[in-house]
Amino acid sequence: MMKLLGFRKPKVDFWFFVKVIVILAMLFFLVYPFSTLITRSFFSKKVDGMTFDNYATFFSKKYYLDALKNTLYITFFSSLTCLLVGAPMAYLMTRYNIFGKKIIYVCIILALMSPPFIGAYSWILLFGRAGFVTKLFASIGIKTPTIYGPGGIILVFTLHLYPYVYLYVSGALSSIDSSLEEAGENLGSSKIRRLFTVTLPVVMPSILAGVVMVFMTSLADFGTPMLLGEGKTRVLPVLVYDAYMSEIGGDANMASTLSVIVVACSLSVLLL
Amino acid sequence: MESYNVAIKDAVKTYGDFKAVAGITLDINKGEFFTLLGPSGCGKTTLLRMIAGFNTIDQGTISFGDRVINNVPAHKRGIGMVFQNYAIFPHLSVFNNVAYGLKARKVSADEITKRVEIALEMVQISELAARMPNELSGGQQQRVALARAFVIEPSVLLMDEPLSNLDAKLRVQMRATIKKLQRKLGITTIYVTHDQEEALAISDRIAVMRNGLIMQVGEPTEIYKKPENEFVAGFIGVSNFLDCEIEGKDHENAVLNVSDYRLPGIRLSQPYQGAGKIAVRPEYLTLSKEGIQGKIELSTFLGDFIEYEILLENGQTIQLNEYTKDALTIKPDGMKVKVMMDTDSIIIYNAQGEVLN
């Protein structure tokens, strides 16, 4: 019977145990919490049993839809600005001899290592309402642009997340087969034409991978929009936090619903 | 575009203290299939890349026709090049790969289609036009690279070891394809290889290179039969080098003493007496009743011929090939034999390695 179904008796050796442990770990740390999250999102305090009530609330209330809009707006533009900063920087760093290349490299990695909200906090110290630079300029009568709101959030995300794009693209650029560019040159393409017809298309998968990393990280980040949004610029991760920790008693089910929507957003980008 | 002759004059390329190309002068005729042949590190690829414009020319000049191209950027030289690893653009279909150079030249769309189709036809891959490079075999990629290089009607076609990544059978087949194509198009072609058999098979003329210098330039038969120095004799085909003593006062009628056997009646071009060297190919050596004494160390049957490794009495080991159709039996290892040579087909060098006959 076992044979008929195509099962073979598993060989019990070291790798069998490794497999079992990995599968159990996956079930416990990934599948269990995630399925709980999804199930809980279908329950509501107001209705008995399974319901789409939470989702209906989400898609009907301006409060939630605005947050979704803000989230997508901020993540989209953060990804775009990271691309515009990271990719050209990678090109310059791999193709030209730049003074202090190693130090620049370390600085770039450093930006990636610190959590974004620390950056957000330092920007507040500089450009916040009581910030050092703000006061300095105010004393000579110049008004500095505000760091709070979507613009500030995008700025902080850009400065912290462009290393993703940089690292992916510079890796791809330095391992690209140089004879491809030579072939383009040989066939009559100028430097700029070569960049757009050979180099960029060849490293495109890496560029996209870097941008997806930025998109997902900025989508999920909570600290930066919390600090710089000041409750006015609401994004989904902040709403999740609010829903759990609400003063009127948290709504864990609504928080779950919001989380599922965040996950759905990042998943759809990943699958695209 | 019209094909040009290529004139290289005292070309030098240095990397630090190392001279990769140490002053080369070559005249490559219009429409000629010219091969740069040499062991790895001899500077042949460096020279090719100087012609292509990927390496700067430190000294000397390279010109196409009357035009010196030293300062013309690579993308304006109008050269077609086939790279060793093909360098097919992975993101473009076969058609678009071949069309790339034409698009860069702003050829009209209709004409591009027409010319690409003809080019694909010529390398016999018309049916693959829509495929992506990762769906092609090595030989097919090679054909794409070839079509892409000549479709732009280059003034000069450069090939950098284009066959080295193919298996032996395909290599011979592609070799014939390339040669026929080159004849048909009449493009001046400069071909780089380290494979002497390939060079002999495909070229109109060959330049043998070593340490950044030209050792000999000539037609394949000339290079094979009359190598100007020991290096060329050793590099092209298999040569036995035998120590000998050159005797006799009359250089028109000298005697060669090889391992105590005297070969009389040798014509030398200049008077010379003393130690020398003979280069002789395995097929010009025969086993006979009279000759240099030796002992068979190893006999190897290779189908159409038998290869004997023979230890001579002077301690030198030589290789001798006997055609199976001429041999009665395969002689066993350890057998005492006498070796004769066809004195018209040997090259005699003096102690300095200069040719004497």
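Modeller: Before we start, two residues are in contact here if their C-beta atoms, placed from the backbone, lie within 7 Å. Please also keep in mind that this is a predicted model.

Biologist: While we're on helix 9 of chain A, is A:A209 buried or exposed, or something in between?

Modeller: A:A209, which is found in helix 9 of chain A, is partly exposed, because 16 other C-beta atoms lie within 10 Å of its own, and a residue needs 20 or more to be buried.

Biologist: How far apart are A:A209 and A:N253?

Modeller: In sequence A:A209 and A:N253 are 44 residues apart, and in space they are 33 Å apart, taken from C-alpha to C-alpha.

Biologist: Staying in chain A, what can you tell me about helix 4 and helix 7?

Modeller: The axes of helix 4 of chain A, residues 101–113, and helix 7 of chain A, residues 150–175, come within 7 Å and cross at roughly 120°. That angle makes helix 4 of chain A oblique to helix 7 of chain A, and their crossing is left-handed.

Biologist: Which residues meet there?

Modeller: From helix 4 of chain A there are A:I108, A:I109, A:A111 and A:L112, and these meet A:L159, A:H160, A:P163 and A:Y166 in helix 7 of chain A. By class, this contact between helix 4 and helix 7 of chain A has seven nonpolar residues, one polar and no charged ones.

Biologist: Switching to chain B, what is it built from?

Modeller: Chain B has eight helices and 19 strands, and its C-alpha atoms fill a box of roughly 75 × 45 × 35 Å along the principal axes. Of the 357 residues in chain B, 39% are buried. Among the contacts in chain B with a separation of 6 or more, 65% come from residues 24 or more positions apart.

Biologist: Which residues touch the most other members of the largest nonpolar core?

Modeller: That core has 103 residues, and B:L158, B:I190 and B:V208 touch the most other members. Helix 4 of chain B, residues 138–150, gives the most to this core, with six residues. Apart from this core lies another, of 45 residues, among them A:F58, A:V165, A:M216 and A:L258.

Biologist: What does B:V208 touch, leaving out residues up to four places away in sequence?

Modeller: On that basis B:V208 touches B:L37, B:G38, B:M215, B:Q216, B:I223, B:V232, B:F235 and B:I236.

Biologist: Back to helix 4 of chain B, how does helix 2 of chain B cross it?

Modeller: The axes of helix 2 of chain B, residues 94–104, and helix 4 of chain B come within 7 Å and cross at roughly 30°, so the two helices are roughly parallel to each other. The crossing is right-handed. In helix 2 of chain B, B:V94, B:N97, B:V98, B:Y100 and B:G101 meet B:V144, B:A147 and B:R148 in helix 4 of chain B. That contact has five nonpolar, two polar and one charged residues.

Biologist: And what about helix 5 of chain B against helix 4 of chain B?

Modeller: Helix 5 of chain B covers residues 168–185, and its axis and that of helix 4 of chain B come within 11 Å and cross at roughly 15°. These helices are therefore roughly parallel to each other as well. B:G139, B:Q142, B:L146 and B:F150 in helix 4 of chain B meet B:L170, B:M174, B:I178 and B:L185 in helix 5 of chain B, and the residues of this contact divide into six nonpolar, two polar and no charged.

Biologist: Last one: where is B:E322?

Modeller: B:E322 lies in strand 17 of chain B, residues 317–323, and is partly exposed, with 19 other C-beta atoms within 10 Å. B:E322 and B:N257 are 24 Å apart in space, C-alpha to C-alpha, and 65 residues apart in sequence.

Key: Residues numbered from 1 in each chain as written. Chains lettered and ligands numbered in written order. Predicted model: local features only at pLDDT ≥ 70, side-chain atom pairs only at ≥ 80, totals over all residues. Core = buried A, V, L, I, M, F, W, Y, C linked by C-beta atoms within 7 Å. Buried ≥ 20, exposed ≤ 12 C-beta atoms within 10 Å, placed from the backbone. Helix = DSSP H or I, 4+ residues; strand = E, 2+ residues; numbered from the N terminus. Axes fitted to C-alpha atoms, helices over the stretch in contact; angles between N-to-C directions. Parallel < 35°, antiparallel > 145°, perpendicular 65-115°, else oblique. Left-handed = near helix turned anticlockwise from the far one by under 90°. Nonpolar A, V, L, I, M, F, W, Y, C, P; charged D, E, K, R; others polar.
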